[in-house]
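Let's take a walk through this model, starting with its pockets and ending with its salt bridges. Keep the 3D view open as you read.

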Amino acid sequence: VDDWLRQHPSDVVVRMALASSLTERGQRRDAIREYERIVAAGNPSPIALNNLAWLYFEEKDERAVELAKRAWELAPELPAVADTYGWVLLQAGRTEAALPILQQAFDKAPSSPEIQFHYAVALARSGRSAEASELLGRLLTDYPSFSAADQARQLLAELRGG
């Protein structure tokens, strides 16, 4: 792959595949470098912007919000893109802005446990505890071992006064 990209540096498809593979293997810094190359080349896809925004978010890089916003502006209909933008906003303390975006992601992908969890957290932070509690209860029944199940259980216990 490296040889191919040295000879064909503008091959975005191969570079996207490499960045995705690096991310899956936990090589975040290398993945970031590849996504940054894609973005710097101009006219990046919303998926490239979204994936780079998520990696920035995981690295606590302040550029995550702006990049996630750019991805969402290009493809607000993609649930994963809306979820990333909404979650990044929520974690930045912008609950009022995040809630409708996370609701949009939830409406388009109601069976995604991660999106359900993100929306439930936004509901809870918006003071809509009963709705958040109901959603978390269903989520944990349907997906008892999804990636953030422990966090979901903890939030549900807090909402129920436990």
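What follows is a short tour of a predicted model.

Start with the largest pocket, which has a volume of about 420 Å³. Its lining is made up of 22 residues, and Trp-54, Glu-58, Asp-83, Thr-84 and His-118 sit nearest the centre. Helices 2, 3, 4, 6 and 8 each give two or more residues to that lining, with helix 4 giving the most, at six.

Now move to the second largest pocket, at about 160 Å³. Here helix 6, helix 8 and helix 10 (149–159) give two or more residues each. Trp-87, Phe-117 and Gln-151 are among the lining residues, which divide into five nonpolar, three polar and two charged.

On to the salt bridges: the count comes to 11. One of them brings us back to Glu-58, whose side chain meets that of Arg-28 at 2.7 Å, N to O. This pair ties together distant parts of the chain, with Glu-58 in helix 4 and Arg-28 in helix 3, 30 residues apart. Glu-58 is partly exposed, at 31% relative accessible area, and Arg-28 is partly exposed too, at 35%.

Stay in helix 3 for Arg-37 and Glu-34, which lie three residues apart, about one turn of the helix. Their side chains form a salt bridge at 3.0 Å, N to O. Glu-34 counts as buried because its relative accessible area is 4%, under the 20% cut-off, whereas Arg-37 is partly exposed at 41%.

Methods. Residues are numbered from 1 along each chain as its sequence is written. This is a predicted model: local features need pLDDT of at least 70, side-chain atom pairs count only at pLDDT 80 or more; totals for chains, interfaces and linings use all residues. Side-chain values use heavy atoms; hydrogens and water are left out. On a 1 Å grid over the protein atoms alone, a cavity is a set of points where a 1.4 Å probe fits but cannot get out, and a pocket is an open set with protein on both sides within 12 Å along at least five of seven lines; lining residues have an atom within 4 Å of a point. Grid points are joined across faces, edges and corners, and a volume is the space filled by probe spheres set on the points. Helices (H or I, at least four residues) and strands (E, at least two) are DSSP runs, numbered from the N terminus. Ala, Val, Leu, Ile, Met, Phe, Trp, Tyr, Cys and Pro count as nonpolar, Asp, Glu, Lys and Arg as charged, and the others, Gly among them, as polar. A salt bridge is a side-chain nitrogen of Lys or Arg within 4 Å of a carboxyl oxygen of Asp or Glu. Buried means under 20% relative accessible area, exposed over 50%, partly exposed in between (1.4 Å probe, protein chains only).
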